[in-house]
Amino acid sequence: MKKTLAHLFVESKGRPALYNGRLVHAIVYRKVTRPGRFIVRFRSAVRHPIQALNLDIKPGTFLIEGGVSSKTILRLDTCPDVVEVHYRPFDWESRITIYNAWIDESGRVDAWMMHAGMLVEETENKMILHCSDGRGEPTFDDLVVEIDFLDE
C-alpha cells in the first residue's frame, strides 16, 4: 500500500518529503524581522471542495482589510482573488506560516490529512504554491496561489 503524504510528513517530522520524486511541503515558513506586506493572488482552484489558505504569524499580527489577527484563513468562497496582507512581527524570531486547507461538506476547515501538501516554487520575494487537498490522489492543482512579498 502506497503511503499518503500525511504518513510521509509524520515520518519526516513535518519536514518536506519526497513523493514520486518531487519535494512536497506540508507547511511553508518565512522569517520576518520588520513590518511589511505581501500580496496573495489565487491563480486557480477547484470548485469543490472549497479551497483555502491558512496564514499565521508568531509572534506578531496581520492587518487584512481593517481586521487585526495573528492568524487567518483565506477561503476562496468569501475572499477576493487578490488579497493584500500587512504584517507586524513582534520580535526577531517572528515567522509567517502558510499552508493549504479546504472546507468539507459540513463547513469544517480541514488540513494536513491524507494527500494534502504543496509543491513550492520560491524565489527571494515570491512563492508559488501548487496545492493538493487531502482528497484522492495528490494532483497539486486543487489550489494554485502566488504570494509576492513586498517591502523586503
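**Close-up views of a predicted model**

**Figure 1. Surroundings of aspartate 142 in the predicted model.** Leaving aside residues up to four places away in sequence, aspartate 142 touches Ser44, Ala45, Val46, Gln51, Cys131, Ser132 and Asp133. Aspartate 142 belongs to the loop that runs between β13 (126-132) and β14 (143-150). The residue is buried yet takes part in no salt bridge. Arginine 135, the nearest side chain of opposite charge, is 8.6 Å away from aspartate 142, whereas a salt bridge requires a side-chain nitrogen of Lys or Arg within 4 Å of a carboxyl oxygen of Asp or Glu.

**Figure 2. An open sheet of 7 strands.** The strands follow the order β7-β6-β9-β4-β14-β13-β12, and their pairing is antiparallel. At the edges are β7 (67-69) and β12 (117-122), each of which pairs on one side only. On average, and with direction ignored, neighbouring strands of this sheet are turned by 25 degrees against each other.

**Figure 3. The pairing of β6 with β7.** Strand β6 (residues 60-64) runs antiparallel to β7 and is joined to it by 3 bridges. Leucine 63 has valine 68, in β7, as its bridge partner.

**Figure 4. The salt bridge between arginine 41 and aspartate 148.** In this pair the closest N and O atoms are 2.4 Å apart. Arginine 41 is in strand β4 (residues 36-45) and aspartate 148 in strand β14, so that the pair links distant parts of the chain, 107 residues apart. Arginine 41 counts as partly exposed because its relative accessibility is 32%. Aspartate 148, by contrast, has a relative accessible area of 13% and is therefore buried.

**Figure 5. The salt bridge between arginine 43 and glutamate 146.** The two side chains meet at 3.0 Å, N to O. Because arginine 43 lies in strand β4 and glutamate 146 in strand β14, this pair ties together parts that are 103 residues apart in sequence. Arginine 43 is partly exposed, at 48% relative accessibility, while glutamate 146 is buried, with a relative accessible area of 9%.

**Figure 6. Lysine 126 and the salt-bridge network.** The side chains of lysine 126 and aspartate 148 meet in a salt bridge of 3.6 Å, N to O. With a relative accessibility of 31%, lysine 126 counts as partly exposed. Through salt bridges that share partners, Arg41, Arg43, Lys126, Glu146 and Asp148 are joined into one network. The model has a count of 12 salt bridges.

Methods
Residues are numbered from 1 along each chain as its sequence is written. This is a predicted model: local features need pLDDT of at least 70, side-chain atom pairs count only at pLDDT 80 or more; totals for chains, interfaces and linings use all residues. Side-chain values use heavy atoms; hydrogens and water are left out. Helices (H or I, at least four residues) and strands (E, at least two) are DSSP runs, numbered from the N terminus. Buried means under 20% relative accessible area, exposed over 50%, partly exposed in between (1.4 Å probe, protein chains only). Lys and Arg count as positive and Asp and Glu as negative; His and the chain ends are not counted. Contact means heavy atoms within 4.5 Å. Two strands pair if DSSP finds at least two bridges between them. Axes are lines fitted to C-alpha atoms, for helices over the stretch in contact, and angles run from 0 to 180 degrees between N-to-C directions.
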